[in-house]
Each structure stands twice: as structure tokens, then as C-alpha cells.
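Colleague: I have a model open and I'd like to learn how to read its features. Could you walk me through it?

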Amino acid sequence: MASWITRHRKGMSWIASGAAMLVAAGAAWVAAQAGRVSWYNIKYSLHEIRMIRGDPTDEFAGIPEQFLPLMLDLSVVSPALVTFTATCMLIGSIVVIRPSLLPVTSRHFPFPGSYRGRFVQLGLLGTIVGFVIAFSSIKAGSSENPYSIEQSKIMLDALGTALWSTLTALVLAYVFGPLFEAFMQLLMRFRGAAIGTDSLSALERLRERGVQAAASLGELANKATALGAELDLQKLGLVMAEIQAAVRELSAQTTRLELDLKEADRRIGQLDAQRHELKTRVQELENARSRQQEILDAIDQAFRQ
């Protein structure tokens with residue numbers, strides 16, 4: 001069973017090597033052709049710029065006719081990106097054939113770790129260059145210029161074809177690139193070669209995550225501060241409400257106390273009146289007792305006589 005697995009692995013390794021050789025041959029041809037297109041594209045762009053500056057020529061500086069339909073990007077970004085991609089494919093195929101030549105540390109093998117963002121940036125740069133060429137053509141053209149029609153054509157070509165740079169960059173970065181990455185990494189596994197970790201990419205991802213975590217913590221701290229302030233305001237409102245309720249209760253008790261004091265004053269006044277009346281009656285009784293005593297004394301003296 002172990003020998004069968006070993007033979008199976010060897011067979012897959014040979015298949016991966018053969019596929020890598022085919023890819024290397026195709027990538028080498030594409031890189032060579034894309035390099036030629038890039039060179040002719042530079043000469044074509046210089047020709048168009050001379051046309052804008054009023055130095056027309058009917059010759060395209062030796063550009064073969066079969067390459068003229070490929071002169072679509074005046075910024076030369078599109079053929080340059082294709083050349084770079086084909087070169088990465090060629091190098092990656094060689095590494096698959098001979099894994100010992102170069103350690104694989106990028107998770108985007110055979111491309112650099114940040115190639116997608118770079119491709120998109122170069123595509124946007126190509127679009128901007130195309131717009132600059134187009135608007136330069138508008139500025140140079142005039143009714144007296146016999147080449148204004150040709151310059152208008154250059155303007156339309158620049159506006160229409162400069163977008164090829166962005167389109168090429170997006171297709172290579174997000175369509176062709178991921179598919180070829182998966183294919184090459186599959187061949188590497190068939191070859192039994194390990195793909196390491198790109199320390200720079202890992203550090204960059206760690207730094208980005210750290211920055212995101214710091215931003216999240218800062219936002220959380222701001223929200224916590226705002227929530228704390230809101231809670232403090234709510235607590236202050238509750239305390240103020242309790243104080244107001246206590247003040248109202250104290251006011252009600254003060255009112256009841258005032259009423260009780262008034263009632264006590266009234267009752268004290270009544271008691272004073274009753275005491276005065278009682279004192280008057282006691283005085284009357286005293287007077288009556290004195291008169292009766294006088295009468296008794298007079299009767300007693302009468303009996304003695």
C-alpha cells in the first residue's frame with residue numbers, strides 16, 4: 001500500500017512537472033510577444049504625441065502591421081502588465097519544475113504579495129495618462145490646423161483606449177491572477193513542495209489588523225465615554241428628580257405644620273378665654289362665700305345678744 005502511494009505521488013509529480021513545462025513554454029512566448037508589443041507601443045505613443053504637437057508623419061516608425069491592432073493603450077500600461085504577468089508565470093513554472101531553486105514564501109505564488117493593488121494603481125495611472133493625451137489634443141486642435149481632424153481622432157482614441165489599462169489591470173489582478181495562483185499552488189502540492197509564509201506579508205497583515213484593532217478600541221472608548229456621560233446625565237436627572245420630590249414633600253409637611261400651629265394657637269386662645277372665665281367664676285364664688293360669712297357672723301352676733 002505504501003509503495004502504491006509512493007508510485008502515485010511520483011506520477012502526480014511528473015504530471016505537475018510536465019504541466020509546468022507547458023506553462024513555461026507558453027509564458028516565455030507570451031512574455032516575448034508582450035515585450036515586443038510594449039516596445040512598439042512606446043514608439044506608437046511617441047508618434048501620436050508628435051501628431052498632437054503638430055509634427056505629423058505618415059509612418060509609424062517601423063511598426064509591423066500585425067501589431068497595429070494591438071496599439072490600444074497609449075500609456076503602455078496594458079502590454080507592460082501582460083509582460084510582467086507572463087514573466088511571473090515563467091518564473092513560477094521554473095520553480096515548480098525545480099523547487100529547490102527558490103523558496104516559495106508568498107501565498108500569492110507565483111505573483112508578489114501585493115500585486116493586485118499595484119496592478120489596479122498602474123491601471124488608473126494609464127487611464128489618467130490617456131486622459132491627459134486626449135485633453136492635450138483638444139487644446140492643440142484648431143480650425144486653421146490642417147491636422148485638427150487627425151488630432152480629434154487621436155483624442156477619441158485616447159479617451160476610448162486609455163480605459164484598456166484599467167480593464168487589463170482588473171482582469172489580470174482579480175480574474176486571471178487568482179485562477180493561475182490556485183493552479184500553480186496545486187502543481188506545487190503535486191510536486192511535494194511546501195509553500196512557506198511570507199513574513200513581510202504576515203507582518204503587514206498583522207500591522208493592518210493592529211491598526212484596525214486600535215481604531216476599533218478608540219471608537220469603543222469614545223462610545224464608552226459618550227455612554228458614561230449619558231449615564232451621568234441620567235443619574236443626575238434621577239438625583240434632581242429625587243431632590244425635587246423631597247422638596248415637594250418638605251413643602252407639604254411645612255404647610256401641614258403651619259396649619260397645625262394655627263390650630264394650636266386657636267386652641268390656646270380658647271383655653272385662655274376659658275381660664276379667664278373660670279377665674280371670674282372663682283372670684284364670684286369667693287365674693288359669695290365672703291357675703292355668706294358676713295351673714296353668718298351677723299346671725300351669730302344676734303344670737304349672742
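Colleague: Let's start with one residue. Which helix does Ser93 lie in?

Modeller: Keep in mind that this is a predicted model. Ser93 lies in helix H2.

Colleague: Is Ser93 buried or exposed?

Modeller: The cut-off for buried is under 20% relative accessible area. Ser93 comes out at 0%, so it counts as buried.

Colleague: And what does Ser93 touch in there?

Modeller: Skip the residues up to four places away in sequence, and Ser93 touches Ala20, Val23, Ala24 and Met184. For its polar side, look at Met89: the backbone oxygen of Met89 lies 2.8 Å from a polar atom of the Ser93 side chain.

Colleague: Met184 came up there. What is Met184 in contact with?

Modeller: Leaving out neighbours within four places in sequence, Met184 is in contact with Gly92, Ser93, Val96, Phe109 and Pro110.

Colleague: How should I think about nonpolar residues in general?

Modeller: In soluble globular proteins, nonpolar side chains tend to be buried together. Here, the largest nonpolar core has 22 residues, and the members that touch the most others are Leu81, Val96, Phe109, Phe119, Phe180, Met184 and Leu187.

Colleague: Which elements give two or more residues to this core?

Modeller: Those are helices H1 (2-52), H2 (77-97), H3 (115-140) and H5 (163-190). H5 gives the most, with 7 residues. There's also a second, separate core of 8 residues, which includes Val37, Phe67, Met71 and Ile133.

Colleague: Let's stay with H5, then. Where does Ser165 lie, and is Ser165 buried or exposed?

Modeller: Ser165 lies in helix H5. Its relative accessible area is 0%, so Ser165 is buried.

Colleague: What is around Ser165?

Modeller: Again setting aside neighbours within four places in sequence, Ser165 is in contact with Asp73, Ser75, Val77, Ser78, Leu81, Gly123, Gly126 and Thr127. Sequence distance and space are separate things to check: Ser165 and Ala80 are 85 residues apart in sequence, and their C-alpha atoms are 9.6 Å apart in space.

Colleague: What about nonpolar residues on the surface? Which ones form a patch?

Modeller: Look at Trp164, Leu167, Leu170, Val171, Tyr174, Val175 and Leu179: they form a nonpolar surface patch, with about 670 Å² of accessible area together.

Conventions:
Residues are numbered from 1 along each chain as its sequence is written. This is a predicted model: local features need pLDDT of at least 70, side-chain atom pairs count only at pLDDT 80 or more; totals for chains, interfaces and linings use all residues. Side-chain values use heavy atoms; hydrogens and water are left out. A nonpolar core is a set of buried Ala, Val, Leu, Ile, Met, Phe, Trp, Tyr and Cys residues joined through side-chain atoms within 4.5 Å. Buried means under 20% relative accessible area, exposed over 50%, partly exposed in between (1.4 Å probe, protein chains only). Helices (H or I, at least four residues) and strands (E, at least two) are DSSP runs, numbered from the N terminus. Contact means heavy atoms within 4.5 Å. Patches are made of residues with over 30% relative accessible area and no salt bridge: like charges are joined within 9 Å, nonpolar side chains (Val, Leu, Ile, Met, Phe, Trp, Tyr) within 5 Å. Accessible areas come from the Shrake-Rupley method with a 1.4 Å probe; for residues, only the protein chains shown count as cover. A salt bridge is a side-chain nitrogen of Lys or Arg within 4 Å of a carboxyl oxygen of Asp or Glu. A polar contact is a pair of N or O atoms within 3.5 Å; within protein, one must be able to donate a hydrogen and the other to accept it, and residues adjacent in sequence count only if both atoms are side-chain atoms.
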